[in-house]
Amino acid sequence: MASKDNNYTLIGMPGAGKSTIGVLLAKALGCEFIDTDLVIQQREGKLLKEIIADEGNEGFKKIEEEVNASIEACGAVIAPGGSAIYSEKAMEHFREIGEVVYLKLSFQSVKKRLGDLNARGVVLEQDQTLHDLYCERVPLYEKYADVIVELDGLDIGSSLEKVLENL
């Protein structure tokens with residue numbers, strides 16, 4: 001099912017493999033790879049964790065939405081940050097320019113894969129746990145996904161194969 005601009009946007013929790021699988025998927029499909037977190041860092045001239053520290057969660061989400069909603073690509077694999085799904089504007093844009101693929105992991109897998117959340121630039125509200133964040137985001141990932149790929153227990157190679165089978 002080829003989409004309008006033949007783009008695939010990978011969504012999912014931090015640690016789901018959006019960037020890692022995204023790069024491999026782009027190579028396998030012979031297309032460009034866009035990591036929107038890197039686009040944000042280049043635009044702002046700071047690391048994500050510095051932007052969050054300087055602008056706060058809301059300020060960061062506003063910058064993230066502006067960047068995500070303005071991504072122009074044709075034949076690309078796009079990997080936005082895990083919090084992209086808080087922006088309806090950005091998610092509708094990703095759906096307009098291609099297919100949205102949710103890389104789904106159980107909470108246990110996410111917890112195992114993630115190290116220090118602050119070092120990763122994960123947007124957490126005060127007193128919010130990783131489990132709270134997971135429970136808050138999963139329904140949003142499912143809402144915006146055109147395709148859901150379960151990756152529990154799979155290594156990177158097997159994850160890539162499974163994503164390719166589902167496109």
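Buried means under 20% relative accessible area, exposed over 50%, and partly exposed in between, using a 1.4 Å probe and protein chains only. The model is predicted: local features need pLDDT of at least 70, side-chain atom pairs count only at pLDDT 80 or more, and totals for chains, interfaces and linings use all residues. Residues are numbered from 1 along each chain as its sequence is written, and side-chain values use heavy atoms, with hydrogens and water left out.

**View 1. Ser19 in helix α1.** Ser19 is partly exposed, with a relative accessible area of 33%. Helix α1 covers residues 18–29; helices are DSSP runs (H or I, at least four residues) and strands are too (E, at least two), numbered from the N terminus. Leaving aside neighbours within four places in sequence, Ser19 is in contact with Phe33, Asp35 and Ala79, where contact means heavy atoms within 4.5 Å.

**View 2. The open sheet of 5 strands.** The order is β2-β3-β1-β4-β5, with parallel pairing; two strands pair if DSSP finds at least two bridges between them. Strands β2 (32–35) and β5 stand at the edges with a single partner strand each, so one side of each is left without a neighbour in the sheet.

**View 3. Strand β4 and its two partners.** Strand β1 (residues 7–11) pairs with β4 over 5 bridges, and Thr9 has Val100 as its bridge partner in β4. On β5, 4 bridges join the strand to β4 (residues 98–104), and Lys104 stands opposite Glu150.

**View 4. The two faces of strand β5.** Val147 and Val149 form the covered face, Ile148 and Glu150 the uncovered one. In a regular strand the side chains alternate between the two faces of the sheet.
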